[in-house]
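Hi,

Here is the structure I promised to pass on. Have a look at it first, and then read my notes below.

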Amino acid sequence: MEQKDLSQLTNEELLQEAKKIKSGNILDAAIIGFLIGVAVYSTVRNGFGFLTFLPLIYLPIAAKNKLRNKEVERLVKEKGLK
């Protein structure tokens, strides 16, 4: 699926993106929490290994999502949609 540039979204599309932010944040937090749990369990059970550093793989994805969310919120506020 192609991502459109946020500045080119219509007002309705921008509001839909803003509604998705909360569930996206919850999903990111759940994934990071799960990965940290796996890393801790793996470290305690088997010592240091690949699974110990597994949460570090997801951090860039979560950071990208957070930057996109901030941009959506800025555009919504700029256009006065909420």
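How many salt bridges does a search of the whole structure find? The search gives 4, where a salt bridge is a side-chain nitrogen of Lys or Arg within 4 Å of a carboxyl oxygen of Asp or Glu. As a reminder, side chains of opposite charge can pair when their charged atoms come close.

Before the details, some housekeeping. This is a predicted model, so local features need pLDDT of at least 70 and side-chain atom pairs count only at pLDDT 80 or more, while totals for chains, interfaces and linings use all residues. Residues are numbered from 1 along each chain as its sequence is written, and side-chain values use heavy atoms, with hydrogens and water left out.

**The two helices**

Let's start with α1 (11-46) and α2 (54-79). Helices here are DSSP runs (H or I, at least four residues; strands are E, at least two), numbered from the N terminus. The axes of α1 and α2 come within 9 Å and cross at roughly 160°; axes are lines fitted to C-alpha atoms, for helices over the stretch in contact, and angles run from 0 to 180 degrees between N-to-C directions. That makes α1 and α2 roughly antiparallel to each other (angles over 145 degrees count as roughly antiparallel, under 35 as roughly parallel, 65 to 115 as roughly perpendicular and the rest as oblique). The crossing of α1 past α2 is left-handed, meaning that the near helix is turned anticlockwise from the far one by less than a right angle, whereas clockwise would be right-handed.

Gly24 sits in helix α1, and its C-alpha is 8.9 Å from that of Asn69, 45 residues apart along the chain. Thr10 belongs to the segment before α1; Thr10 and Asn65 are 20 Å apart, C-alpha to C-alpha, and 55 residues apart in sequence.

**The salt bridges**

One of them pairs Arg68 with Glu17, their closest N and O atoms being 3.3 Å apart. This pair links distant parts of the chain, with Arg68 in helix α2, Glu17 in helix α1, and 51 residues apart. Arg68 is partly exposed, at a relative accessible area of 26% (buried is under 20%, exposed over 50%, partly exposed in between, with a 1.4 Å probe and protein chains only).

Arg74 has two partners to look at. Its side chain meets that of Glu71 in a salt bridge, 2.6 Å from N to O, and both residues lie in helix α2, 3 residues apart, about one turn of the helix. Arg74 also forms a salt bridge with Glu78, the closest N and O atoms being 2.7 Å apart. Glu78 and Arg74 are separated by about one helical turn because they are 4 residues apart in helix α2. Elsewhere, salt bridges that share partners join Glu17, Lys20 and Arg68 into one network.

Are these residues exposed or partly exposed? Glu78 counts as exposed at 56% relative accessibility. Arg74, at 40%, is partly exposed, and so is Glu71, at 29%.

**A nonpolar patch**

Finally, Phe48, Phe53, Leu56 and Leu59 make a nonpolar surface patch of about 460 Å². Patches are made of residues with over 30% relative accessible area and no salt bridge, joining like charges within 9 Å and nonpolar side chains (Val, Leu, Ile, Met, Phe, Trp, Tyr) within 5 Å. Areas come from the Shrake-Rupley method with a 1.4 Å probe, and for residues only the protein chains shown count as cover. Where is Phe53 placed? Phe53 is in the loop between α1 and α2, and counts as partly exposed at 47% relative accessibility.

Cheers
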